[in-house]
Amino acid sequence: MPDVRAATRRSWRVFVPMALAVALVSALVTSLPAQAAVPSPSTDPFYRYTAGKSLASIKAGTVLKTRTISYHIVGLALPLKATQLLYRSTNQIGKPSVNVTSVISSPGHTTAARAISYQSFYDSLSPVDEPSYAISGGRTLGGMIPNVELALFGPFLLQGYSVIIPDTEGQRADFAAGPEYGTLTLDAIRAASSSRSTGLSKSTKVGMIGYSGGAIATGWAAALAPTYAPDVNRRLVGAAEGGVLVNPSHNLHYIDGSFVWSGVLVMAVIGISRAFHIDLTPYLNAYGLKLYKKLQSASIATVLGAYPGLTWAKLAKPAYATPESIPIYVRSVNKLNLGSRGTPTIPMFIGQGANGVLEGTPGDKPGIGKGDGVMIAGDVRSLARQYCSHGATIKYAQYNLTSHVTSVPQWLPTAISWLNQRFAGGAAPNSCSTIAAGNSLAPLPAP
């Protein structure tokens with residue numbers, strides 16, 4: 001028990017300042033006067049590629065534009081240099097796309113032999129909530145999350161790391177489109193390593209870290225790197241992720257009817273439709289269509305707790321009692337199942353909470369079991385065990401007493417320490433032999 005009490009005290013020492021920071025930033029965002037001087041991504045020409053050469057003929061990860069700015073929090077400039085890059089990447093359906101990443105230089109360092117790719121959990125359907133806009137000085141309520149994340153990756157800057165922060169959802173804000181998150185992350189590392197303005201090079205060692213929505217990007221980048229970006233994979237020292245989304249079809253049932261997280265049902269439907277360029281509106285009833293239209297630009301910050309008890313049955317026409325009855329949904333969501341893709345070749349640290357009751361999500365549904373309120377522990381264990389069975393080195397930690405939000409202060413200090421050890425060249429710890437069995441990650445059968 002003394003160890004548990006000590007861990008709890010350490011967790012709260014991290015969590016309370018973070019919670020206060022979120023509350024402060026939220027208050028500032030809503031109270032400070034508007035800043036007309038900062039153009040939004042839709043009007044800022046930096047976000048657009050207008051050269052004559054077709055994107056298809058340009059190599060993924062190529063830098064298309066560069067600018068250097070000060071790092072901002074709620075529109076206030078800090079004495080931190082940020083280099084923003086427009087680069088070529090690949091979207092969810094395999095088409096060439098462009099995206100923006102921001103590279104934060106460690107104070108006092110002009111070059112860096114090591115870098116952290118930090119994937120934000122901004123989780124939004126609006127491009128104005130993306131990290132690059134917040135970093136450039138933009139202020140939105142949904143963008144308050146990128147504004148406080150300096151508290152999470154700041155320890156790396158203080159240690160001399162450069163930090164790469166991609167807009168993981170792309171310029172269309174393709175919420176929860178895991179493979180696209182992964183390619184955008186990997187190409188951001190490529191771009192940051194080839195730009196003369198960042199102080200990085202193609203020999204710079206890189207570690208990846210992300211929680212929740214940031215874990216979507218981190219996990220998919222780790223899984224795709226051996227085939228999509230072997231040049232980046234050779235330089236990755238490891239990936240730390242927490243609050244992990246594995247099989248979205250399970251998660252929709254897990255949060256169905258929950259108190260806090262049920263509004264994400266609609267965000268997921270919009271995100272899947274947008275990322276795959278498909279139309280799911282014919283399957284929604286009048287209320288479902290109303291929410292579908294209302295939440296087109298919604299953020300996780302505004303949806304959480306706003307629709308307590310919302311269920312799929314309240315959104316869909318009676319003929320579609322479950323989303324699994326819709327063929328186009330099944331085909332699309334199966335492509336978002338992380339268990340159906342390759343195995344990372346780098347060491348990984350995975351942390352997962354398992355007390356979702358704290359956030360109003362009971363873990364009593366068959367085939368799902370306990371989770372942290374939105375992510376499912378059994379799915380994460382199965383993914384970790386699958387990786388182990390294919391030779392990966394995995395450290396897995398399950399936090400049985402904490403939820404999605406309250407697991408962060410347990411996960412973060414360990415994740416930072418674990419990554420520092422990977423850069424130092426120490427042998428990665430392996431807990432494969434002690435990971436309990438989980439849920440099936442088999443794809444959904446065609447209806």
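# Salt bridges and a helix pair

Colleague: At 7% relative accessibility, does D44 count as buried or exposed?
Modeller: This is a predicted model, so the value is computed from predicted coordinates. Buried means under 20% relative accessible area. D44 has 7% relative accessibility, so D44 counts as buried.

Colleague: Which residue forms a salt bridge with D44?
Modeller: Side chains of opposite charge can pair when their charged atoms come close. For D44, the closest N and O atoms of the pair are 3.0 Å apart, and the partner is R67.

Colleague: Where in the chain do D44 and R67 lie?
Modeller: The pair links distant parts of the chain, 23 residues apart. D44 is in the loop between α1 (2-31) and β1 (63-73), while R67 is in strand β1.

Colleague: How many salt bridges does the structure hold?
Modeller: The pair of D44 and R67 is one of them. Another joins R190 and D187, at 2.8 Å from N to O. For the structure, the number of salt bridges is 4.

Colleague: Which helix holds both R190 and D187?
Modeller: The two residues are 3 residues apart, about one turn of the helix. Both are buried. The helix, residues 178-194, is α5.

Colleague: Which residues do salt bridges that share partners join into one network?
Modeller: D231 has 29% relative accessibility and so counts as partly exposed. R190, at 14%, counts as buried. The network joins D187, R190 and D231.

Colleague: Why do α5 and α6 count as roughly perpendicular?
Modeller: Their axes come within 7 Å. Angles of 65 to 115 degrees count as roughly perpendicular. α5 and α6 therefore fall in that class, since their axes cross at roughly 70°.

Colleague: How many residues of the contact of α5 with α6 are nonpolar?
Modeller: The contact includes Y181 and L186 of α5 and W220 and L224 of α6. Its residues include 5 polar and 2 charged ones, and the number of nonpolar ones is 10.

Colleague: Over which residues is the pLDDT below 50?
Modeller: The protein chain averages a pLDDT of 92, and 91% of the residues score at least 70. Where pLDDT is low, the predicted coordinates should not be read in detail. The stretch with pLDDT below 50 is residues 1-36.

Definitions and conventions
Residues are numbered from 1 along each chain as its sequence is written. This is a predicted model: local features need pLDDT of at least 70, side-chain atom pairs count only at pLDDT 80 or more; totals for chains, interfaces and linings use all residues. Side-chain values use heavy atoms; hydrogens and water are left out. A salt bridge is a side-chain nitrogen of Lys or Arg within 4 Å of a carboxyl oxygen of Asp or Glu. Helices (H or I, at least four residues) and strands (E, at least two) are DSSP runs, numbered from the N terminus. Buried means under 20% relative accessible area, exposed over 50%, partly exposed in between (1.4 Å probe, protein chains only). pLDDT is the predictor's confidence in each residue, from 0 to 100. Contact means heavy atoms within 4.5 Å. Axes are lines fitted to C-alpha atoms, for helices over the stretch in contact, and angles run from 0 to 180 degrees between N-to-C directions. Angles under 35 degrees count as roughly parallel, over 145 as roughly antiparallel, 65 to 115 as roughly perpendicular and the rest as oblique. Ala, Val, Leu, Ile, Met, Phe, Trp, Tyr, Cys and Pro count as nonpolar, Asp, Glu, Lys and Arg as charged, and the others, Gly among them, as polar.
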